[in-house]
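Here is a walk through the disulfides of one protein model. Keep the structure open as you read.

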Amino acid sequence: NGIDDNCDGIVDNFDPSDPERVIDDMVHITHHGLDFYIYRYEASRPDATSTSAGASEARPCSRPGVLPWANVNFADAQAACQAVGKRLCTGAEWQAACAGPDDGDYPYGPAYAPSTCNGVDYDGIPGGTDDDVRVPAGSLSGCVSADGIFDASGNLREWTNDLRGATSSGDPVYVLRGGDFHTPYPGLTCAFDLSQAAASVPLPTVGFRCCSDTAP
């Protein structure tokens, strides 16, 4: 099908029954009046590792232990999701997945816990001074929502298709959710939607995850 289905860096593996071919790791969300699927982890490149974000743009992957895909603008993030039959999440979908059925302030609960997710208070490189850096997806075991969504608070801000206007030059402006590794606690909540960016601008602190109306 022209797609690296199992995120091993190879397009169209020879044997379609190869046990290494896996389905995207997505979570089914069925609360807050919604019914959709979302990547369990921030999207990564097929050739990403724990120390390199990779370079391949064959498809987005949902897997732990690798650096998530950053420096991506809105159109490229949207196209990446569409290439595997998915889409960027709506603002409502993203928030529901982060907050869980009990509508928590943070994915892990109602109160801020500085070292639980990769925000400004988390030291991404233990020892020495406080380092604010991107970390591999899912590497903070406590940074998980009730539905099993990792890194919805911190690590990378994530594109949504929540359009909020345009720049003076006509570039659409979309909402970024979840905060990043530089973000203080107010911006790390599930409900925070004041972070926005022009669609054409790729940033080192911005990534994405994909959603779908149907099961992977």
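Is Cys 81 buried or exposed? At 0% relative accessibility, Cys 81 counts as buried. Buried means under 20% relative accessible area, exposed over 50%, and partly exposed in between, with a 1.4 Å probe and protein chains only.

The model is predicted: local features need pLDDT of at least 70, side-chain atom pairs count only at pLDDT 80 or more, and totals for chains, interfaces and linings use all residues. Residues are numbered from 1 along each chain as its sequence is written, and side-chain values use heavy atoms, with hydrogens and water left out.

A search of the whole structure finds four disulfides (pairs of cysteine sulfur atoms within 2.5 Å). Cys 81 pairs with Cys 210, sulfur to sulfur 2.1 Å. This link is left-handed, with -90° about the S-S bond. Cys 81 sits in helix 1 (residues 74-83) and Cys 210 in strand 8 (residues 210-212), so the bond ties together parts 129 residues apart in sequence. Helices (H or I, at least four residues) and strands (E, at least two) are DSSP runs, numbered from the N terminus. Cys 210 also has 0% relative accessibility and counts as buried.

Next comes Cys 89, joined to Cys 211 at 2.0 Å. Here the torsion is 90° and the link right-handed. Cys 89 lies in the loop between strand 3 (87-88) and helix 2 (91-99), Cys 211 in strand 8, so parts 122 residues apart in sequence are tied together. Both Cys 89 and Cys 211 are buried.

Cys 117 and Cys 143 form another disulfide, S to S 2.0 Å. Its torsion is about 105°, so it is right-handed. Cys 117 and Cys 143 are both buried.
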